[in-house]
Amino acid sequence: MNYSDYDLRKLVLDAINRSTEDINIEFKDCRDGLYKQLWKPITAFSNSPGGGIIFLGIYENPDTKEKTIVGGLKLDILQQNIISLIEQQINNKADYQIRIFDCQNEKLLAIVLSETPKENKPCYFSELGIDKGACVRTGNRNRHITEEELRSFLRYTPAYNYDRTIVTNSTLFKP
């Protein structure tokens, strides 16, 4: 989870050169403020193996899918809004870092997200609840978890494993 500025720049430039995001990288523009659906990649990376990084300050042309480093972020406000979103509206969040770094003479912001431990999954957006507010990453897209994935996540939670706890100093009651 500790990336140097060089590592972050390399990840951005490699993804732009490949013309695609991937399983653990997503780009958002955010020059106009916080992306309203930012909870989707946050929960997707938190629920997916290895976590991921959301880079802010990169524009994707909707027609050509070409990515361009644009910067122009209101860094103070964005950081406050991201922290507020993660701390107040994301349940079962993983560890995360917010990093500001330079890339091609622009200041970009990276949200580096770890994977949520399996006993705490799923990570989800509290406003939509556990069944509609949790995503996973598939390729370069975020998708809502399926009912089977939800059941699978819940199998590992402490609430569903209480009957596997060994009871010590007990005796067998015989009527």
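Me: Which rings do the ring pairs link into a cluster?
Reply: Quick heads-up: this is a predicted model, where local features need pLDDT of at least 70, side-chain atom pairs count only at pLDDT 80 or more, and totals for chains, interfaces and linings use all residues. Residues are numbered from 1 along each chain as its sequence is written, and side-chain values use heavy atoms, leaving out hydrogens and water. Rings of Phe, Tyr and Trp (its six-membered ring) pair if their centres lie within 6.5 Å; planes under 30 degrees apart are stacked, over 60 edge-to-face, and the rest tilted. Pairs like that join up a cluster of Phe27, Phe55 and Phe101.

Me: Is Trp39 buried or exposed?
Reply: Buried means under 20% relative accessible area, exposed over 50%, and partly exposed in between (1.4 Å probe, protein chains only). Trp39 comes in at 4% relative accessibility, so the word is buried.

Me: What kind of pair do the rings of Phe55 and Phe101 make?
Reply: Phe55 is buried at a relative accessible area of 0%, and Phe101 is buried at 2%. Their ring centres are 5.9 Å apart with the planes at 75°, so the pair is edge-to-face.
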